[in-house]
Amino acid sequence: MAATENPLLRLKQSAGLLEESGGEDGLQRLAEATARIMDSERCSLMLCSENEHSQLRWRVCASFGPLPERAYLEEVSAGEGIAGRVAASGDALLVADIDRSEYASCARRANDPGKSLLSAPVRHAGAVIGVLNVSAHRAGRVFDIDDLRLLEVVSLLVGKAIQIRQLQGLLNSRFAQLALLELAEKDLGQALASPLPNPDQVARIIARSFYK
């Protein structure tokens, strides 16, 4: 069995996903890392947003491997297509052969030999915020239930990585930095006004202000 086919080694690879989300190309690196872990030729990461009617829609935000340009322009709603159904149900999906499944009409590449695919929801705080789609195993084989379970683990880590990315973006904003500074100055001023300030107390105030 090749190293990439060893489930334990593939799980170990996924441990580094939380480090992949930083920088402007963070989402792209998450898609690439997922494809590497799943030993697949293609992976797309779809995230949700609201349209002008406050309806949730999902669209491709990052991908690895060949993907038609129009895929970045298309949006799907809950229950629409494979990704929309996964987003609506919250359940991961394994399709052994898309041409012989109920999703045949969703196939983008009629002549592509890689007919097997996986799709899993990406969650944050219990809500589905995205969908991971994986297709075309590098060994040419059909994805199985073990692959599906692995993608479910990967999707959990991707959700955490996206959360970290959002928090980093918030903390790097000028508004957040000024808010933290204002909180820290207020609490520190009260602590330092006492005759003998306690260093431990000052440290706790800084930590609490950062948490707030």
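Guide: A residue is called buried under 20% relative accessible area, exposed over 50%, and partly exposed in between, using a 1.4 Å probe and protein chains only. By that rule, 37% of the 212 residues of the chain count as buried. This is a predicted model, in which local features need pLDDT of at least 70 and side-chain atom pairs count only at pLDDT 80 or more, while totals for chains, interfaces and linings use all residues. Residues are numbered from 1 along each chain as its sequence is written, and side-chain values use heavy atoms, with hydrogens and water left out.

Visitor: What makes up the secondary structure of the chain?

Guide: Six helices and six strands. Helices (H or I, at least four residues) and strands (E, at least two) are DSSP runs, numbered from the N terminus. Along the sequence the pattern reads α-α-β-β-β-α-β-β-β-α-α-α.

Visitor: Why is the contact between Asp39 and Arg138 called a salt bridge?

Guide: The term asks for a side-chain nitrogen of Lys or Arg within 4 Å of a carboxyl oxygen of Asp or Glu. For Asp39 and Arg138 the N to O distance is 4.0 Å, and the pair is counted as a salt bridge. The structure holds 10 salt bridges.

Visitor: Are Asp39 and Arg138 buried or partly exposed?

Guide: Asp39 has 10% relative accessibility, so Asp39 counts as buried. Arg138 has 46%, so Arg138 counts as partly exposed.

Visitor: What makes Arg57, Glu75 and Glu80 a network?

Guide: The three residues are linked by salt bridges. Glu75 and Arg57 meet at 3.8 Å, N to O. Glu75 lies in strand S3 (residues 75-77) and Arg57 in strand S2 (residues 56-64), so this pair joins parts 18 residues apart in sequence. Arg57 also pairs with Glu80, where the closest N and O atoms are 3.9 Å apart. Glu80 is in the loop between S3 and helix H3 (81-89), so its pairing with Arg57 in S2 ties together parts 23 residues apart in sequence. Glu75 is partly exposed at 34%, and Glu80 is partly exposed at 36%.

Visitor: What makes a set of residues a nonpolar core?

Guide: The members are buried Ala, Val, Leu, Ile, Met, Phe, Trp, Tyr and Cys residues joined through side-chain atoms within 4.5 Å. The largest such core has 27 residues, and Leu45, Leu132, Leu151, Val154, Val158 and Ile162 touch the most other members. H2, S1, strand S5 (117-124), S6 and H4 each give two or more residues to this core. A second, separate core of 15 residues includes Ile82, Ala83, Val86 and Tyr103.

Visitor: Why is Ile98 called buried?

Guide: Its relative accessible area is 8%, so Ile98 is buried. Ile98 is found in the loop between strand S4 (93-95) and S5.
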